[in-house]
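Thanks for coming, everyone. Please bring up the structure on your screens, and I'll walk you through it.

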Amino acid sequence: MYYTDYHTHSMLSPDSSTPLEDQAEAAVRAGLSELCITDHYDVLSLHGDRMPPYDWAPAWEQCQRVQKQYQGRLTLKLGIELGCGHLDGSVLRTAPAALDFVIGSVHNHSEAAGGQDFYYGAYTSPAICFAALEDYVTSLEALAATDAYDVLGHIIYPLRYMARDGQHISMEPYADRIRTLLKVAIEAGRGMELNTYNGRTLADWKPWLALYRQLGGEILTVGSDAHVPENIGKGIQAGYELAREAGFRYLTIYQGRKPQFIKL
């Protein structure tokens, strides 16, 4: 089986200190055939300020270097996780031609709601959770309507922090709106990510995989969201099985931002 991990981070992300070489070595140990490094560039900082333009040079340099080191052992692709690209997607206009893949994510509350990353929320009641999810889904709808992504990343993102705070909330009340935004992505030739959150949130994906497949979605990537070597590849095999159970026969990899399909 051709196992891939299409959501990973290195020391070029503000929340990781791991050299890309260490992530690549971990991918080989985990039995992966392909790794896509998708370091963060968020239009908004963790606390809601606008970020300066992204410097692509370090990302391209480290990717080229590690590609050469692991040639014949691991296919390494250059990606980016673009946060809140609906606010400003201009970073993609300055990207190197070798850019393979773009995850479009929403990590932050809207600017009108303060712009803080959902990580910093204190989710002490269902009412607080649903207010945050209302804001989140509105931003996700705006992102889906842009061209600032290849796949929509971890569409259930805020739930991980609500569960951390003891609130086990469902996104089912937003199913109709998520259905609509997924249709927008599908019609534009874009896709969705199954994010295993280091193997911790697999079961949560079942209804959304089923919905996406029901809508005719075919472009599906699987990623661990690993920021440290020990999480590279975590949940990938189980994610493949979930995709198979949902009716997918292929998963997606990217070359030059063009989707390619690998048989499950």
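I'll start with the sheet, then turn to helices, salt bridges and a surface patch.

Keep in mind that this is a predicted model. Seven strands form an open sheet. Their order is β1-β2-β3-β4-β5-β6-β7, with parallel pairing. Which strands sit at the edges? They are β1, residues 4-8, and β7, residues 220-223. Each of these pairs on one side only.

Look at β4 and β5 next. Two bridges join them. Ile-103 stands opposite Val-151 in β5.

Now the helices. Helix α6, residues 206-214, packs on the sheet and touches β6 and β7. Its direction makes about 160° with that of β6. Helix α7, residues 236-245, lies across β1, β6 and β7. The angle between α7 and β7 is about 155°.

On to charges. The count is 11 salt bridges. Arg-65 forms one with Glu-21, with the closest N and O atoms 2.7 Å apart. Arg-65 is in helix α2 and Glu-21 in helix α1, so this pair ties together parts 44 residues apart in sequence. Glu-61 also forms a salt bridge with Arg-65, at 2.8 Å. Those two both lie in α2, four residues apart, about one turn of the helix.

Another pair is Glu-141 and Arg-177, at 2.9 Å. It links helix α3 to helix α5, 36 residues apart.

Last, the surface. Leu-46, Tyr-119 and Tyr-120 make a nonpolar patch of about 290 Å². Tyr-120 lies in the loop between β4 and α3. Is Tyr-120 buried or partly exposed? It counts as partly exposed, because its relative accessibility is 34%.

Conventions: Residues numbered from 1 in each chain as written. Predicted model: local features only at pLDDT ≥ 70, side-chain atom pairs only at ≥ 80, totals over all residues. Heavy atoms only, no water. Pairing = 2+ DSSP bridges. Contact = heavy atoms within 4.5 Å. Axes fitted to C-alpha atoms, helices over the stretch in contact; angles between N-to-C directions. Patch = residues over 30% accessible without salt bridge, like charges linked within 9 Å, V, L, I, M, F, W, Y side chains within 5 Å. Areas by Shrake-Rupley, 256 points an atom, 1.4 Å probe, with all protein chains shown as cover. Salt bridge = Lys/Arg side-chain N within 4 Å of Asp/Glu carboxyl O. Buried < 20%, exposed > 50% of the residue type's maximum accessible area, 1.4 Å probe, protein only.
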